[in-house]
Each structure stands twice: as C-alpha cells, then as structure tokens.
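Student: Could we go through how the helices and strands of this model pack against one another, with the criteria stated as we go?

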Amino acid sequence: MLKIRAYLYLALSICLLAIGTEVRADSHYEIVINPSVKERILSSNTLRSIFSMHLKTWSNGTKIRVFVLSDDDQLHQIVSKEKLNVFPYQLRSTWDRLVFSGTGQAPIKVNSSEEMLDKVASTPGAIGYLWRANINENVNVLEIK
C-alpha cells in the first residue's frame with residue numbers, strides 16, 4: 001500500500017510540473033520599443049535606469065517615453081522582478097520621489113496590453129512591455145543582456 005501511494009504522489013508531481021512548465025511557456029513577455037528607436041540591445045542596468053526614469057534620452061537624443069501597466073498588473077509585477085530586479089513598490093517609490101521632489105516625472109500608465117501596444121507603436125522614443133502573444137509588426141523587441 002505504501003508503494004502505491006508513493007507512485008501516486010510521483011505521478012501527481014510529474015503532472016503538476018508539466019502544467020507549471022506549460023503556463024510559463026505561454027506567458028512569455030518582451031520589452032518593446034517604437035520602431036524609431038535605433039537601439040536593439042540594452043544591458044539590464046540601462047533598462048533599470050530607463051524604467052526608474054533616470055535615463056531620459058536615447059543615444060540619438062530622442063526623449064525616452066516610458067509606458068507601464070498598473071502596479072497590480074501581473075505583467076508589470078513579472079517585468080519588475082525578472083527584468084528590473086526590483087519589486088513594483090520600489091519602482092513606485094522611486095517615481096513618487098521624483099514627482100514629489102520636482103526632479104522628474106513618473107512613466108505614463110496605460111490600462112491594458114492593447115493600449116500599451118498602441119501607445120508604444122505610435123509614440124516616437126517609446127518603450128514598454130507586452131506578452132509575446134500581443135506583439136505585432138508595429139513595435140520592435142529589445143534584447144536585454
């Protein structure tokens with residue numbers, strides 16, 4: 001009886017791992033930019049500087065326009081933790097400090113992935129993030145190293 005129970009737990013564990021892997025594969029995201037941006041590869045530190053609103057222009061002098069989803073959006077939380085290595089509340093704190101001190105601005109908040117795609121595609125110098133399934137030919141994908 002003990003062996004049967006052990007085999008059942010093993011089978012259940014394998015099924016759960018397969019399901020978890022499938023969810024992660026479907027939920028892949030990318031950092032996207034407006035086609036006017038010439039950069040195609042950025043370092044993690046440069047990306048963090050952009051999203052913390054410290055880096056304000058691209059290498060050609062174009063103003064960087066940062067678009068983000070709300071703090072409680074799943075994609076925003078994943079990008080913050082995985083790509084920027086900060087928690088969303090830390091980003092919010094940085095943005096609030098810039099705004100309240102008068103030394104900078106917060107990024108532009110959008111309400112959906114569809115709005116993110118539209119704004120990044122139509123705004124020169126724009127950067128944002130999207131689920132891979134939402135990306136089309138109107139935006140370019142940045143490689144982060």
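Student: How are α3 and α4 oriented to each other?

Tutor: In this predicted model, local features need pLDDT of at least 70 and side-chain atom pairs pLDDT 80 or more, whereas totals for chains, interfaces and linings use all residues. Residues are numbered from 1 along each chain as its sequence is written, and side-chain values use heavy atoms, without hydrogens and water. The axes (lines fitted to C-alpha atoms over the stretch in contact, with angles from 0 to 180 degrees between N-to-C directions) of α3, residues 74-82, and α4, residues 88-101, come within 8 Å and cross at roughly 85°; helices (H or I, at least four residues) and strands (E, at least two) are DSSP runs numbered from the N terminus. Because angles of 65 to 115 degrees count as such, α3 and α4 are roughly perpendicular.

Student: Which residues of α4 does α3 meet?

Tutor: Contact means heavy atoms within 4.5 Å. On the α3 side stand His 76, Gln 77, Ser 80 and Lys 81, and they meet, in α4, Pro 88, Leu 91 and Trp 95.

Student: What is the order of the strands in the open sheet?

Tutor: The edge strands, each pairing on one side only, are β4 (108-109) and β6 (140-141). With mixed pairing, the five strands have the order β4-β3-β5-β1-β6.

Technical notes
Parallel < 35°, antiparallel > 145°, perpendicular 65-115°, else oblique. Pairing = 2+ DSSP bridges.
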